[in-house]
Amino acid sequence: MRAPFVRVMLAFALVAPIAPATSQTTGAPIAVQAAVGIEPDTVRIGDPFLVQIGIRAPHGATIAFPPAPDSTGAVQGLDPVRVETRPDSGGLVQWGYYRVAAWDIGEQPISLGDVVVTLGGRSRRIAVSGRKVFVASVLPADSAQRVPKPPRPLYEFATPLWWLWAALAALVLLFILLWWWWRSRKRKRPIAVPDPFARAEREFARIERLGLVDAGERGRHVALVIEVLRDYLAARFVAAPLSLTSSELLTAVRGERAVPNDRLLRILNEADLIKFARRPVTTERAREIGREARAIVAHEHAASRPAAATEKAA
């Protein structure tokens, strides 16, 4: 309902001649009628609104509308001026539309230049300044009187939870006691050290029960018995871990008098050829390598016992 009302008021104002005090004339006066309207007349900060200027001049005249307001004032132009010519039998009718926005509250003046009407070398300036728009605040009316509530605590409890903290402390204490009891019991438990010779004998017997030689897996039989032999030597001598190669193992145990180095050299070299070079091995030779590995273990075990007994007696 507002827009039609404004258009009617503008059309009504257009028929009345503009007052001589609001224009400047060069030469004979030019009959000009003008109207100015603002739609809407109450806005909020940053909301666009429309300023409309209507001019009626005689036929043959030219109308120059002022540019849109610049960015130095409280009311600034959003788009360039849009000029619209309307048909009229009594003369030239043009409308200039300014899409602007206000950036301050209260009554704000709209700074526009003069409209210049030119006809036959004569010109007339129509002043359109003095128009204002009311910019309403977006804040509540009583915002200055509002008192904020005090901050609420991060956690709120109806009653003190001392019993919860007491139960948690008792649980932690119980856990510490259980851990201390387990550590003390573990320290008192004797550590059983397996006998390397007994373990090697069990492994040799297990490999024999597998029947790998009869099943045609002679290379696997050789690899397993050599692995048992090396496990025994690694358990007996710190300098002979399983990470050593065959040549490094021979170098590590060369100074041990209980180890038959020549026999160990032959069996390790032959086993390496079978495992890594895919050297074929007969059934009988595979059995012999197994018996030789077991004999070397037994020889070292028997040779080291008198030395251990002598050391114990000393």
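Because the model is predicted, local features are taken only at pLDDT of at least 70 and side-chain atom pairs only at pLDDT 80 or more, while totals for chains, interfaces and linings use all residues. Residues are numbered from 1 along each chain as its sequence is written, and side-chain values use heavy atoms, with hydrogens and water left out.

Helices and strands here are DSSP runs numbered from the N terminus, with H or I over at least four residues for helices and E over at least two for strands. Seven of the ten residues of β4 are buried, so the strand is largely enclosed by the rest of the structure. Buried stands for under 20% relative accessible area, exposed for over 50% and partly exposed for what lies in between (1.4 Å probe, protein chains only). Two strands count as paired if DSSP finds at least two bridges between them. Strand β2 (residues 33-39) pairs with β4 in the antiparallel sense over seven bridges, and V36 sits opposite I53 of β4. The pairing of β4 with strand β8 (residues 92-102) is antiparallel as well, over ten bridges; there Q52 faces Y97 of β8.

Most residues other than glycine have a negative phi, and most peptide bonds are trans. The bond joining E39 and P40, however, is cis, with omega at about -10 degrees. P40 belongs to the loop between β2 and β3 (42-44).

Strand β3 then turns up in an open sheet of three strands, ordered β3-β12-β9, with mixed pairing. β3 and β9 (106-109) are the edge strands, each pairing on one side only. From one strand to the next the twist averages 40 degrees, where axes are lines fitted to C-alpha atoms (for helices, over the stretch in contact) and angles run from 0 to 180 degrees between N-to-C directions. β3 and strand β12 (residues 132-136) run parallel and are joined by three bridges, with T42 opposite F134 of β12.

Turning to the helices, α6 (residues 261-276) has 16 residues, which at 1.5 Å a residue should span 22 Å; its end C-alpha atoms are 22 Å apart, so the two agree. The expected span is 1.5 Å times one less than the number of residues. Within α6, L264, I267, L268, E270, A271 and I274 are buried. Just after the helix comes R278, with a positive phi of about 55 degrees. R278 sits in the loop between α6 and α7 (283-313) and is exposed, at a relative accessible area of 71%.

One of the contributors, L168, lies in helix α2 (residues 162-188) and is partly exposed, with a relative accessible area of 43%.

Side chains of opposite charge can pair when their charged atoms come close. A search of the whole structure turns up 15 salt bridges, each being a side-chain nitrogen of Lys or Arg within 4 Å of a carboxyl oxygen of Asp or Glu. In one of them, D214 meets R287, with the closest N and O atoms 2.5 Å apart. D214 is in the loop between α3 (196-210) and α4 (218-236) and R287 is in helix α7, so this pair ties together parts 73 residues apart in sequence. D214 is exposed at 61% relative accessible area, while R287 is partly exposed at 28%.

R236 and E300 form another salt bridge, the closest N and O atoms being 3.1 Å apart. With R236 in helix α4 and E300 in helix α7, the pair ties together parts that are 64 residues apart in sequence. R236 counts as partly exposed at 32% relative accessibility, whereas E300 is buried at 1%. E284 and R291 also pair, with their closest N and O atoms 3.1 Å apart. Both ends are partly exposed, E284 at 43% and R291 at 47%.
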